[in-house]
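Me: I'm new to this one. Can you walk me through it?

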Amino acid sequence: MEIQKMEINEKIKSVIGREEGALCSSLVLGVKDDTLSGKVNSLKGLGIIHILSISGFHVNLLEKILKKLKVRKLATGIIIVYSIIVDSVPAYRASIMKLSASFAHWNRKDDSPLGNLIISAMFLLTWKPYLMFDLSFQLTYLSTLGMILLSEPIAWRLAEIR
């Protein structure tokens with residue numbers, strides 16, 4: 001998949017320009033390109049370097065775009081292919097969680113974000129057990145767990161403050 005990712009990266013750069021294409025490839029595919037090496041320090045200084053990291057946000061954004069384009073039935077498959085192309089633990093986590101939620105919806109079952117998170121962790125650890133020691137795996141699951149468990153209490157606190 002890495003070869004296809006680099007081919008897509010080069011195609012993007014040839015169409016929209018070297019520097020702009022490198023930035024676009026980084027945002028969309030998570031490609032680390034030497035073309036951006038001068039800009040990376042500026043992005044770090046601004047505190048926005050994390051934007052260039054593929055995350056669940058990218059998967060959610062892709063899903064919203066696909067729904068707007070009226071390809072809802074193909075969305076899950078496209079999201080899975082996208083996560084395979086970018087080959088990123090956060091993208092895998094988000095796409096497996098989406099797939100789990102879709103299966104629950106198709107089978108008219110309740111889906112829970114916590115259950116979907118556990119299913120995705122079990123799937124990834126069964127597929128690649130060494131991910132347990134990968135910092136990206138640990139951070140994506142801990143941050144997602146925090147969002148799932150703490151979003152309601154924080155919302156209540158904020159409502160009380162108003």
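Me: What covers the buried residues of helix 1?
Reply: The cover includes helix 2 (18-29) and helix 5 (72-86). Keep in mind that this is a predicted model.

Me: Which residues of helix 1 are buried?
Reply: Lys5, Asn9, Ile12 and Lys13. Seen down the axis of helix 1, these buried residues fall within an arc of 95°, so they line one face.

Me: What follows helix 1?
Reply: Glycine 17 does, and its phi is positive, near 110°.

Me: New topic. Which residues form the nonpolar patch on the surface?
Reply: Leu114, Ile118, Met122, Leu149, Leu150, Ile154, Leu158 and Ile161. Together they have about 790 Å² of accessible area.

Me: Which helix gives the most to that patch?
Reply: Helix 8, with five residues. Helix 7 (113-127) also supplies at least two.

Me: Is isoleucine 154 buried, partly exposed or exposed?
Reply: Partly exposed, because its relative accessibility is 46%. Isoleucine 154 lies in helix 8.

Me: What about threonine 144, buried or exposed?
Reply: Buried, because its relative accessibility is 7%, under the 20% cut-off. Threonine 144 is in helix 8 (residues 135-161) too.

Me: Which residues does threonine 144 touch?
Reply: Arg93, Met97 and Leu117, leaving out residues up to four places away in sequence.

Definitions and conventions
Residues are numbered from 1 along each chain as its sequence is written. This is a predicted model: local features need pLDDT of at least 70, side-chain atom pairs count only at pLDDT 80 or more; totals for chains, interfaces and linings use all residues. Side-chain values use heavy atoms; hydrogens and water are left out. Helices (H or I, at least four residues) and strands (E, at least two) are DSSP runs, numbered from the N terminus. Buried means under 20% relative accessible area, exposed over 50%, partly exposed in between (1.4 Å probe, protein chains only). Contact means heavy atoms within 4.5 Å. Patches are made of residues with over 30% relative accessible area and no salt bridge: like charges are joined within 9 Å, nonpolar side chains (Val, Leu, Ile, Met, Phe, Trp, Tyr) within 5 Å. Accessible areas come from the Shrake-Rupley method with a 1.4 Å probe; for residues, only the protein chains shown count as cover. A salt bridge is a side-chain nitrogen of Lys or Arg within 4 Å of a carboxyl oxygen of Asp or Glu. The arc is that of the directions from the helix axis to the C-beta atoms.
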